[in-house]
Amino acid sequence: MNDLRHITSDELATFLVENGEKKFRLGQIEDWLWKKGAQNFDEMRNISTDLKKKLQGNFTFFNTQIETMVQSQDGTAKFIFLLHDGQRIEGVLIPTETRVTACISSQVGCALRCSFCATGTMGFIRNLHFTEIFDQFILMNRKSQELYNQTITNIVYMGMGEPLMNYENVMRSIDLLTSPKGQGLSPSRITLSTVGISMGIRRLADDGFKPDLALSLHCADEVKRRRLMPVTEHQTFEMLQDSLQYFHQKTGKRITIEYLLLKNWNDSVNDAKRLFHFCRPIPVKINLIEYNSTDSGFERSPEEHVRQFVDFLESKNLIVNIRHSRGQDIAAACGQLVKGK
Ligand code: SAH
């Protein structure tokens with residue numbers, strides 16, 4: 001049986017008409033699906049038992065469930081979601097005084113195999129359907145109210161997977177999260193993070209993408225970056241920079257450059273200089289990320305290196321933020337998400 005949410009609005013309308021139902025039922029059902037985030041037929045309270053029966057006889061819900069939730073000493077909560085086919089993915093809620101950020105996954109596993117990231121060790125298993133991306137938000141949003149008395153304010157596509165390798169589902173999930181027919185969130189509260197697939201970045205620009213874009217650069221030396229992130233082998237810095245410039249021209253947006261600081265690997269002042277040169281032609285802000293321990297053998301940069309790195313970039317008038325790690329004690333931090341751990 002098909003998931004009720006996998007058919008189009010037109011298909012649902014046809015189903016209703018064919019089953020002798022009034023047209024306004026369509027709006028009611030869609031409200032339950034996309035505004036109220038119904039996870040099953042029982043939740044749809046104002047739908048008659050008769051219609052529910054007809055729906056149940058023809059459709060199902062491929063449910064996403066919270067299998068476990070663990071909370072860190074710093075308030076961060078990690079969720080393991082069980083998908084309808086038994087696969088697992090992870091999501092994280094990160095509270096601060098003024099916001100709650102939800103970090104969501106776009107794939108089961110990841111094909112990229114970046115050398116510092118635990119998710120890569122799983123390999124790629126499958127793409128998430130847009131409803132499975134949407135479900136993570138709905139389920140965590142409910143928990144966010146219980147845990148922090150606040151709904152989710154921001155969403156980052158920084159969980160498992162490479163969003164641009166699951167382009168269509170990611171875009172449809174963003175549509176549901178932002179459209180008035182869905183969750184009505186402002187696109188400026190959403191960030192998509194990518195390893196930097198030039199074709200995908202261009203496509204975003206052409207498709208009128210409204211959220212923020214973050215690039216996981218991590219190394220501004222083209223050859224060294226390939227060792228760190230083997231997927232970048234087929235793409236030159238020139239292609240990457242061109243696509244970022246194109247994105248900026250089309251959207252007017254500043255791009256966030258994420259840079260993971262690895263001790264004695266990419267954290268010298270020389271590395272900072274290279275980063276400055278990489279960023280020069282593109283309006284950016286830079287987020288320096290603390291390395292979270294995985295089995296990769298890398299180490300976190302010492303404070304002294306970080307300070308010199310930041311000082312150099314700031315002397316060149318770049319906007320630099322340091323992203324301190326959250327939720328490390330529960331392996332919920334960036335790069336630590338790996339199936340069911
Ligand atoms: N594939 C996308 C989405 C994943 S986002 C991307 O590459 O952007 C997850 C972020 O955490 C990326 O910036 C990733 O490079 C970073 N990350 C991965 N492993 C990490 C680690 N061990 N410590 C800190 N950050 C890490």
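**Figure 1. The salt bridge between R126 and D85 in the predicted model.** R126 pairs with D85, and their closest N and O atoms are 2.8 Å apart. A salt bridge is defined here as a side-chain nitrogen of Lys or Arg within 4 Å of a carboxyl oxygen of Asp or Glu. R126 belongs to strand β8 (residues 124-127), whereas D85 sits in the loop between β4 (77-82) and β5 (88-95), so the pair ties together parts that are 41 residues apart in sequence. Helices (H or I, at least four residues) and strands (E, at least two) are DSSP runs, numbered from the N terminus. In total, the structure holds 24 salt bridges. Residues are numbered from 1 along each chain as its sequence is written, and side-chain values use heavy atoms, with hydrogens and water left out. As the model is predicted, local features need pLDDT of at least 70 and side-chain atom pairs count only at pLDDT 80 or more, while totals for chains, interfaces and linings use all residues.

**Figure 2. The interface of domain 1 and domain 2.** The protein chain is assigned domain 1 (2-60) and domain 2 (65-330), with bounds taken from an automatic or database domain assignment. Between them, the two domains bury about 1,000 Å², 48% of it on carbon and sulfur atoms; buried area is the accessible area (1.4 Å probe) that two parts lose on being put together, summed over both. In domain 1, the residues that lose the most area to domain 2 are R5, W34 and Q39, together 54% of what that side buries. Contact (heavy atoms within 4.5 Å) involves 12 residues of domain 1 and 13 residues of domain 2.

**Figure 3. Salt bridges between domain 1 and domain 2.** Three salt bridges are counted between the two domains. R5 also forms a salt bridge with D135, with the closest N and O atoms 2.8 Å apart. Helix α2 (residues 24-35) supplies four residues, the largest share of the side of domain 1 that touches domain 2.

Figure 4. A polar side-chain atom of S216 is 2.6 Å from an oxygen atom of the ligand. A polar backbone atom of N292 lies 2.9 Å from a nitrogen atom of the ligand. For V195, a polar backbone atom is 3.5 Å from an oxygen atom of the ligand.

How values were computed. Polar contact = N/O pair within 3.5 Å; in protein donor to acceptor, adjacent residues only side chain to side chain.
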